[in-house]
Amino acid sequence: MAYIEPAPIKDKENPLESMMERFNLAAEKLGLSDEVYNVLKNPAKQVIVSLPITMDNGKIQVFEGIRVIHSNILGPAKGGIRFAPDVHLDEVRALAAWMTWKCAVVDIPFGGGKGGVKCNPREMSAGEIERLVRAYTLSMLDVFGPDKDIPAPDMGTGPREMAWLMDEYSKAHGMTVNAVVTGKPLVLGGSLGRTEATGRGVMVSTLAAMQKLKINPFQATCAVQGFGNVGSWASLLLEERGLKIVAISDISGAYFNAAGINIQEAIAYRDGNRGTLEGFTGADKLNDPMELLELDVDVLVPAAVEDVITIHNVDRIKAKLIVEGANGPTSAKADAIINEKGIMAVPDILANAGGVTVSYFEWVQNRLGYKWTAERVNRRSDRIMKDAFDNVYATAVKYEVPLRIAAYIVAIDKVAKTYTYRGGF
């Protein structure tokens with residue numbers, strides 16, 4: 001399964017508004033000055049281009065390409081490129097800002113960026129997609145660069161597209177520049193450990209939170225919504241560390257087994273069944289997939305899509321701990337009720353930051369011209385994720401706020417202080 005660098009998916013409540021609601025709460029707690037608030041609120045650069053592409057039928061079609069750099073205060077911008085029919089500027093701006101906070105919360109020296117092309121890759125041939133990627137790259141030659149802005153895969157793109165981007169950028173500069181993009185195939189400088197990186201970060205965050213709540217992993221139950229790359233790896237790694245995974249789900253439905261699901265069997269079944277759990281016999285199928293969220297379990301990992309925990313179902317959630325493997329799975333309006341119920345929620349900008357952490361490692365390895373072993377990648381990413389959790393938890397205690405707002409406080413404080421030291425202008 002191809003690695004995709006995590007970044008929040010389009011929020012039904014409006015991605016920009018959802019991000020700003022939490023940003024404003026954190027900024028208020030920090031007592032951020034108007035100057036710094038306005039700098040951090042607004043993107044540093046927004047580029048919109050027209051991309052005329054010759055289609056397979058010989059006709060020219062013009063696509064709209066976007067790249068937003070939200071911040072380069074901490075270092076070069078970092079963020080994926082999304083190929084989707086509904087890409088629009090507000091969405092890309094929100095995703096770029098989220099990347100700024102995600103990189104800052106795990107203490108990675110990157111700012112936030114995001115890109116997108118309004119197209120439907122499902123209806124395009126490989127040749128048409130390649131021409132589009134190369135045209136987009138050429139239009140962004142002044143934006144991209146290993147010291148300026150480093151793209152990665154997102155919805156609708158993967159290692160293949162990143163290989164084309166690297167090649168086109170390298171041709172334009174007359175030399176091979178591996179470090180201009182991450183999420184590449186291994187043979188072109190991709191990093192070992194990248195496929196499981198996000199799920200592994202979820203596992204580390206879960207165990208760190210369970211330690212704070214004094215929940216014994218060997219006596220704990222867990223439900224995982226979403227059995228794609230993130231959910232299946234998180235399930236497997238949590239199972240290996242003692243948790244009993246009693247429920248999993250994908251587009252075919254939700255599956256429950258009180259005695260525990262054998263995750264290796266579930267993964268093998270999915271991979272041999274055209275990528276779906278349909279017909280899986282290792283668990284009983286629930287009547288309503290959304291019932292999974294309301295099961296009486298210790299840990300709930302929403303790792304599917306955005307906006308699944310809302311004011312309509314949050315009252316019925318029984319888990320003691322929610323760890324957000326997906327992007328934006330909890331609506332901003334549900335936050336207050338989760339807090340009132342005393343449920344600890346590890347937010348997406350912390351819990352699923354393992355992916356961007358290993359993207360950073362890929363960039364570092366490319367700059368060094370040296371490959372790390374999978375064991376070294378995992379050991380270092382685990383340490384970064386654990387340190388980030390401990391920092392966010394300590395901040396939550398200090399400011400008497402939930403982990404979500406604490407994560408934003410950590411991120412905003414880091415970027416704001418760096419901006420001040422750099423002098424502004």
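**Sheet and helix packing**

Me: Helix 6 and helix 11 cross, so what is the handedness of that crossing?
Reply: Keep in mind that this is a predicted model. The axes of helix 6 (residues 197-213) and helix 11 (residues 354-368) come within 7 Å and cross at roughly 125 degrees. That angle makes helix 6 oblique to helix 11. As for its hand, the crossing of helix 6 and helix 11 is right-handed.

Me: How many charged residues sit in the contact of helix 6 with helix 11?
Reply: On the helix 6 side you have Ala-197, Thr-198 and Gly-201, and they meet Gly-354, Gly-355 and Val-358 in helix 11. Sorted by class, the contact of helix 6 with helix 11 has 2 nonpolar and 4 polar residues, and the charged count is none: no charged residues.

Me: Is helix 4 parallel or oblique to helix 5?
Reply: The axes of helix 4 (residues 126-139) and helix 5 (residues 159-173) come within 9 Å, crossing at roughly 45 degrees. Roughly parallel would need an angle under 35 degrees. So helix 4 is, relative to helix 5, oblique.

Me: And how many charged residues are in the contact of helix 4 with helix 5?
Reply: Helix 4 brings in residues including Glu-130 and Arg-134, while helix 5 brings in, among them, Arg-160, Glu-161, Asp-167, Glu-168 and Lys-171. By class, the contact of helix 4 with helix 5 has 7 nonpolar residues and 1 polar one, and its charged residues number 7.

Me: Which residue in the turn of the strand 1 and strand 2 hairpin has a positive phi?
Reply: Strand 1 and strand 2 (residues 60-69) pair in the antiparallel sense over 10 bridges, with Ile-53 opposite Gln-61 in strand 2. The hairpin they form leaves 5 residues between the strands, and the one in the turn with a positive phi, about 90 degrees, is Gly-58.

Me: What is the bridge partner of Gly-79 in strand 5?
Reply: Strand 3 (residues 77-84) and strand 5 run parallel, joined by 5 bridges. By contrast, strand 2 and strand 4 (residues 111-118) pair in the antiparallel sense over 5 bridges. Back in strand 5, the bridge partner of Gly-79 is Pro-151.

Me: Last one: are the rings of Tyr-269 and Phe-280 stacked or tilted?
Reply: Tyr-269 is in helix 8 (residues 263-271), and Phe-280, 11 residues apart from it, is in the loop between helix 8 and strand 9 (284-285). Their ring centres are 5.6 Å apart and the planes sit at 55 degrees, so the pair is tilted.

Note on methods. Residues are numbered from 1 along each chain as its sequence is written. This is a predicted model: local features need pLDDT of at least 70, side-chain atom pairs count only at pLDDT 80 or more; totals for chains, interfaces and linings use all residues. Side-chain values use heavy atoms; hydrogens and water are left out. Axes are lines fitted to C-alpha atoms, for helices over the stretch in contact, and angles run from 0 to 180 degrees between N-to-C directions. Helices (H or I, at least four residues) and strands (E, at least two) are DSSP runs, numbered from the N terminus. Angles under 35 degrees count as roughly parallel, over 145 as roughly antiparallel, 65 to 115 as roughly perpendicular and the rest as oblique. A crossing is left-handed if the near helix is turned anticlockwise from the far one by less than a right angle, and right-handed if clockwise. Contact means heavy atoms within 4.5 Å. Ala, Val, Leu, Ile, Met, Phe, Trp, Tyr, Cys and Pro count as nonpolar, Asp, Glu, Lys and Arg as charged, and the others, Gly among them, as polar. Two strands pair if DSSP finds at least two bridges between them. Rings of Phe, Tyr and Trp (its six-membered ring) pair if their centres lie within 6.5 Å; planes under 30 degrees apart count as stacked, over 60 as edge-to-face and the rest as tilted.
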